[in-house]
Amino acid sequence: AGVQLTPLDGESRVRVVYLIGAGASHASVKAVGSPHGILMRDLNGELAKRVHELAEKTYVGHPEVTALVNDMVGDDTDYEHIITFLDQSVSAIHRQFASDLRQIFQEVLRAKLAFIETELGGKPIGLYEALIDMHYVAGLREELGGFITINYDEYIEAAIEETFKKSVDFGVSVSPADSRETLRLLKLHGSFGWRDTWPIARSSG
């Protein structure tokens, strides 16, 4: 149970919703002193290596893919933008390459998140805890409506469930069900904590 929010001077509270991007989770990692990061620039070295290997082994007979890799893959490549662009291509080869890129991106990011969590002994959720806790300060004029995130990590979920003992309301039916008080979190790109099923089910680990 949290502290009931009370408006100051009889004024109405403002309902706020936070849009969370990669920078927030990156800051959470840095806030606990980790030398590692999870922004695209922190992943680019391993991503470039994996993508070049993919092109050489799987797309050797497709010069259009080789040219694309040589032209677009570098230290400042935004792989998510490339994946989105290729997904819309009329070329079946480009769409397949986008699918392979997505798999590589997920594997590299998952590995980085797992490494950081192992190094720290848990998820770095302190900044998210502070943000949520701020909305339990008596007299605050803001009411927390929830979060929208494009991130795949489960840092916000951990703060909500482990620290504040609430259930996460993802805006869709997700099993297993939880009867506790909820806090809404909309994950626009999905989550590494979800199984590849429909209806959505959360993984156990």
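How many residues does the largest nonpolar core have, and which of them have the most contacts inside it?

Reply: This is a predicted model, and its largest nonpolar core has 49 residues, with F97, F105 and F147 as those that have the most contacts inside it. At least two residues of this core are supplied by each of the helices α2 (40-58), α3 (63-72), α4 (79-87), α5 (92-120), α6 and α7 (155-163), and likewise by each of the strands β2 and β5. The largest share, nine residues, comes from α5.

To begin with F97, and leaving aside its neighbours within four places in sequence, this residue is in contact with V51, L54, Y59, V65, L68, V69 and L86.

Strand β2 (residues 142-149) and strand β5 (residues 182-187) run parallel and are joined by three bridges. Both belong to an open sheet of four strands, whose order is β1-β2-β5-β3 and whose pairing is parallel. Because β1 (14-20) and β3 (167-169) stand at the edges with a single partner strand each, one side of each is left without a neighbour in the sheet. On average, and with direction ignored, neighbouring strands of this sheet are turned by 35° against each other.

Helix α6 (residues 126-134), which supplies at least two residues of the core, lies across β1, β2 and β5 and runs at about 145° to β2.

Key: Residues are numbered from 1 along each chain as its sequence is written. This is a predicted model: local features need pLDDT of at least 70, side-chain atom pairs count only at pLDDT 80 or more; totals for chains, interfaces and linings use all residues. Side-chain values use heavy atoms; hydrogens and water are left out. Two strands pair if DSSP finds at least two bridges between them. Axes are lines fitted to C-alpha atoms, for helices over the stretch in contact, and angles run from 0 to 180 degrees between N-to-C directions. Contact means heavy atoms within 4.5 Å. A nonpolar core is a set of buried Ala, Val, Leu, Ile, Met, Phe, Trp, Tyr and Cys residues joined through side-chain atoms within 4.5 Å. Buried means under 20% relative accessible area, exposed over 50%, partly exposed in between (1.4 Å probe, protein chains only).
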